[in-house]
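Subject: Structure for your files

Hello,

Please find the structure below. My notes on the strands, the interface and chain B follow it.

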Amino acid sequence: MTDVTRSEYCAVAIADCFADDGEIMGSPMGLLPTLGARLAKNTSNPLLMLTDGEARILKGTPPLGQSADVVEGWMPFRLVLEAVVPYGKRHVMMGATQIDRHGNQNISAIGPWEKPTRQLLGVRGAPGNTVNNRTSYWVPKHSERVVVEQVDIVSGVGRARAEAAGKAATRFHDVHRLVTNLGVFDFNGPDHTIRLLSVHPGVSVDDVRAASGCEIHVDGDVPDTRTPTDEELLLIRELLDPKGLREREVPSD
Amino acid sequence: MKAPSKELSIDDVVGRLESGMTLGIGGWGSRRKPMALVRAILRSDLTDLHVVSYAGPDVGLLLAAGKASKVTYAFATLDSIPLEPLFGRARQDGTAEFREWDEGMFQTGLRAAAQRLPFLPMRAGLGSAVLENDPALRTVTSPYDDGEELVAVPALTLDVALVHMNRADTQGNAQYLGPDPYFDDLFCMAAREAYVSTEQIIDPAGLTVDAPLQSLIINRTMVAGVVETPNGAHFTTCTPTYERDETFQKAYATAAKDPDDWAAFSERFLSGDEDAYQAAVKAFHEEAAS
């Protein structure tokens with residue numbers, strides 16, 4: 001198949017985040033993470049457990065925007081908070097209004113906590129997620145305002161802060177990946193800082209650096225994000241997102 | 001001997017609240033919130049409330065009306081609209097005191113209160129800004145060989161809890177019929193007194209005719225009063241009795257962005273009693289349909 005779009009590279013990069021998770025609950029927050037997790041369940045990790053985003057565990061993978069499906073279990077909020085997050089068999093992919101060089105994430109507010117210039121969601125479950133189960137992040141519009149030196153309010157905890165908080169905070173701490181519209185990152189640069197793993201085709205390392213508000217570590221030559229297989233493109237285009245909602249979140253240039 | 005009915009009116013319930021109380025509100029975001037009771041508080045002369053809530057429009061409205069001087073929350077959202085505009089304005093203007101916890105910590109704080117414990121240990125919060133922004137929070141060290149230092153989540157003890165359920169009987173046995181109980185039983189147990197508003201008060205014999213036993217998450221020992229408020233969670237969800245009124249919520253969120261629009265919205269919908277509110281909502285939809 002031809003003309004792979006940027007959003008489709010993002011979808012497979014997100015799917016790859018869940019590839020080696022085995023039988024755990026995937027908690028993708030938002031559109032592209034949901035697409036990627038459903039793609040992983042159809043390809044690299046059929047054991048992945050996914051919900052409708054409310055209280056039902058779904059057997060299958062309905063198209064984006066739909067949740068009608070065979071239900072294989074019950075997952076109300078109370079069980080997420082008391083029987084999945086601390087249990088640890090989970091991989092959450094959250095959004096990030098800010099994410100910094102040390103892997104701290106902010107979804108709470110912009111500005112000083114006492115009187116923010118822009119109130120956002122609050123910390124939600126980010127503090128608990130990051131010290132209990134594998135956590136990845138998705139940023140649809142990589143910019144120097146989002147990828148920053150230091151977040152304003154630490155909602156999701158990066159490695160250095162987890163280590164400073166003691167072994168109870170590092171025991172299950174596992175910030176896995178950051179996927180953006182420009183590339184794929186982890187936090188295994190020097191002192192657990194942000195490191196560029198791949199750039200999506202059409203994006204250069206310089207593009208990534210220019211769009212970032214902090215230094216981005218690079219080990220040698222940075223490869224391109226892998227091309228989706230024909231099967232993956234078929235799944236994305238025909239089964240999981242026939243309406244092309246992914247293009248709204250990550251428009252093609 | 002027949003047990004006396006706990007059935008109250010909306011005004012009876014609000015009459016039992018006092019300024020300065022810590023008030024827990026059940027539901028989650030824009031889901032099954034006791035909105036009829038919240039609207040009644042807006043009409044009352046109550047002030048200086050400390051509101052504890054998985055916040056949605058309940059908290060936004062109480063802040064905008066100057067009823068809440070302190071809020072404990074993990075998030076504030078309208079769900080289908082990500083941000084709660086009245087809550088956001090109160091945070092940005094600093095019009096109240098705010099305590100922001102992780103949403104698991106919040107549940108743990110309610111559970112500690114329900115079990116009459118001073119705290120419960122938990123991992124969530126470690127390393128995050130939560131501990132910095134709420135200096136009252138402390139850690140606790142395990143007395144066992146692991147020696148782990150964990151967050152000592154203090155009990156979220158409430159004076160009063162308000163929750164909304166699909167059905168109840170006059171004694172306070174109450175059930176949810178949707179997919180999620182949220183945390184309403186914990187709110188009731190964390191409170192000195194809990195009041196249940198409900199779509200329908202029925203005979204207890206009816207509660208399990210068409211719904212499973214385990215939908216009865218609230219029993220009468222947890223409840224001080226019951227009030228029938230049909231459509232009382234509006235505009236939030238009360239699945240399966242009704243879903244969220246998305247059109248109305250959108251009108252709410254849009255009006256909340258501008259002080260003049262908000263004044264007009266308040267005048268139209270929030271200046272009368274609950275019957276007047278429901279009539280105004282009906283008229284709003286008839287207008288939209290014509």
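**Strand pairing in chain A**

Strand E6 of chain A, residues 98-100, pairs with E7(A) in the antiparallel sense over two bridges. Helices (H or I, at least four residues) and strands (E, at least two) are DSSP runs, numbered from the N terminus, and two strands pair if DSSP finds at least two bridges between them. Before you read on: this is a predicted model, in which local features need pLDDT of at least 70 and side-chain atom pairs count only at pLDDT 80 or more, while totals for chains, interfaces and linings use all residues. Residues are numbered from 1 along each chain as its sequence is written, chains are lettered from A and ligands numbered from 1 in the order in which they are written, and side-chain values use heavy atoms, with hydrogens and water left out.

Within this pair, A:Gln98 stands opposite A:Asn106 of E7(A). Both strands belong to an open sheet of three strands, in the order E7-E6-E11 (chain A), with mixed pairing. Its edge strands are E7 (105-106) and E11 (147-148) of chain A, each pairing on one side only.

A further open sheet in chain A has seven strands in the order E1-E5-E10-E12-E13-E14-E15, also with mixed pairing. Strands E1 (25-28) and E15 (217-218) of chain A are at the edges with a single partner strand each, so one side of each has no neighbour in the sheet. Strand E14 (residues 195-199) of chain A runs parallel to E15(A), joined by two bridges; A:Arg195 has A:His217 as its bridge partner there.

**Interface of chains A and B**

The contact (heavy atoms within 4.5 Å) takes 40 residues from chain A and 48 residues from chain B. About 3,600 Å² is buried between the two chains, 52% of it from carbon and sulfur atoms; buried area is the accessible area (1.4 Å probe) that two parts lose on being put together, summed over both.

Six salt bridges (a side-chain nitrogen of Lys or Arg within 4 Å of a carboxyl oxygen of Asp or Glu) are found across the interface. One joins the side chains of A:Arg171 and B:Glu148 at 2.3 Å, N to O. Elements of chain A that each supply at least two residues to the side touching chain B include helix H3 (77-84) and helix H4 (126-132). The largest share of that side, five residues, comes from H4(A).

**Chain B**

Chain B has eleven helices and eleven strands. Its C-alpha atoms fill a box of roughly 70 × 55 × 30 Å, taken along the principal axes.

Regards
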